[in-house]
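Me: I have a model open and want to go through its packing. Can you take my questions one at a time?

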Amino acid sequence: MAAALALLGRAAGLVNGARLLLGCGEAAGRARQGLTADALLRACGVGRLGCSRAMSSAERPKRPLSAYFRFVKEKQPVFRQQNPELNSLELVRKLAGAWRELPAAEKQAYEEARKMDWQKYEEQLAAYKAQLTPAQAAALKEERRKRLAKRRSFRIKRELTVLGKPKRPRTGFNIFVSENFQQSKGLSPAAKMKQLFETWQNLSISQKQPYLQLAQDDKVRYENEMKSWEAKMVELGREDLIRSRESWPRKKTDTAQEGSKASLHENLAKLKLKKSEE
């Protein structure tokens, strides 16, 4: 038993020393608190499969600034001091104009600085990727995919807002919530929504009917506005923003039309049967 404890203590010392050499400050702090070797291993993220510390995209080396943005970063404080009356947009325009008028030799200095930083960035990026395990690389790839998808979704929503796409129709429950949300005082937003949902569930059909009718009217509003908006998008050459025809609401057909379609299908079926018999 004594020998086992001695070995355990020696292992703890080795782990502590290794983590100190690797710069694991958290493990060093916990070692001073007298934690066991197992606790030290968990503190540094070491398990049966080795180091399992989660890597974050925040640790990835940052891409260097372009020549233009280097110029903006350097000159913005000076331009701001010289033109305090300008708002942010006007200041950016002024900086862009100054960059266009900058002599080629001065622009080249910013470009050379970018090239030097880019070389350092590639070296740091290679070192960063080399330390990643396959699991960490896969996790970071998935994190990047989600981040780009979120950014793409934001751009699409912003573009549709600029193009004036009509707002989607509200449901009866949405209208009910908007009319009664402020009445539940002293509750958190989540508690209010839960309370309103339970209240909505307990309403009778006749009590829900006014909200459902308003929702139906809003749906008609949406379809009319969408037709006008989609026609406008066709004129602008943005057919990619138009709904597919399968998603369009179907027009109601009267009984006579439905009957004629049924008879047509029946006649075609008889004709196919006759040809097969021949």
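This is a predicted model: local features need pLDDT of at least 70, side-chain atom pairs count only at pLDDT 80 or more; totals for chains, interfaces and linings use all residues.

Me: What percentage of the 278 residues counts as buried?

Reply: A residue counts as buried under 20% relative accessible area. Across the 278 residues of the chain, the buried share is 22%.

Me: What share of the contacts with a separation of 6 or more comes from residues 24 or more positions apart?

Reply: Contact here means heavy atoms within 4.5 Å. Take the contacts in the chain with a separation of 6 or more; residues 24 or more positions apart account for 58%.

Me: Are α4 and α5 parallel or oblique?

Reply: Helix α4 spans residues 67-82 and helix α5 spans residues 88-101. Their axes come within 10 Å and cross at roughly 120 degrees. Roughly perpendicular ends at 115 degrees and roughly antiparallel starts over 145. So α4 is, relative to α5, oblique.

Me: How many nonpolar residues are in the contact of α4 with α5?

Reply: α4 passes α5 in a right-handed crossing. The α4 side of the contact includes Phe 71, Val 72 and Phe 79, and the α5 side includes Leu 91, Leu 95 and Trp 99. By class there are 2 polar and 3 charged residues, and the nonpolar count is 11.

Me: How do α8 and α10 lie to each other, roughly parallel or roughly perpendicular?

Reply: The two helices pack with axes 8 Å apart, at an angle of about 115 degrees. The roughly perpendicular range runs from 65 to 115 degrees. Therefore α8 and α10 are roughly perpendicular.

Me: Which residues of α10 meet α8?

Reply: α8 passes α10 in a right-handed crossing. From α8, the contact takes Gly 172, Ile 175, Phe 176, Glu 179 and Asn 180. By class, the contact of α8 with α10 has 6 nonpolar, 2 polar and 1 charged residues. The α10 partners are Tyr 211, Leu 212, Leu 214 and Ala 215.

Me: Is Arg 170 buried or partly exposed?

Reply: Arg 170 sits in the loop between α7 (134-162) and α8 (172-180). Its relative accessible area is 41%. Buried needs under 20%, and exposed needs over 50%. So Arg 170 is partly exposed.

Me: Which side chain makes a polar contact with the side chain of Arg 170?

Reply: Beyond four places in sequence, Arg 170 touches Ile 175, Ser 178, Ala 215 and Asp 218. The polar contact between side chains is at 3.5 Å, and the partner is Ser 178.

Me: Which backbone nitrogen does the side chain of Asp 218 reach?

Reply: Asp 218 lies in helix α10 (residues 205-235). It is buried, because its relative accessible area is 15%. Leaving out residues up to four places away, Asp 218 touches Arg 168, Pro 169 and Arg 170. At 2.8 Å, its side chain reaches the backbone nitrogen of Arg 170.

Me: What distance separates the C-alpha atoms of Tyr 222 and Lys 167?

Reply: Tyr 222 also lies in helix α10. At 5% relative accessibility, Tyr 222 counts as buried. Its contacts beyond four places in sequence are Pro 166, Lys 167, Arg 168, Pro 169 and Arg 243. Tyr 222 and Lys 167 are 55 residues apart along the chain, and their C-alpha separation is 7.1 Å.

Note on methods: Residues are numbered from 1 along each chain as its sequence is written. Side-chain values use heavy atoms; hydrogens and water are left out. Axes are lines fitted to C-alpha atoms, for helices over the stretch in contact, and angles run from 0 to 180 degrees between N-to-C directions. Helices (H or I, at least four residues) and strands (E, at least two) are DSSP runs, numbered from the N terminus. Angles under 35 degrees count as roughly parallel, over 145 as roughly antiparallel, 65 to 115 as roughly perpendicular and the rest as oblique. A crossing is left-handed if the near helix is turned anticlockwise from the far one by less than a right angle, and right-handed if clockwise. Ala, Val, Leu, Ile, Met, Phe, Trp, Tyr, Cys and Pro count as nonpolar, Asp, Glu, Lys and Arg as charged, and the others, Gly among them, as polar. Buried means under 20% relative accessible area, exposed over 50%, partly exposed in between (1.4 Å probe, protein chains only). A polar contact is a pair of N or O atoms within 3.5 Å; within protein, one must be able to donate a hydrogen and the other to accept it, and residues adjacent in sequence count only if both atoms are side-chain atoms.
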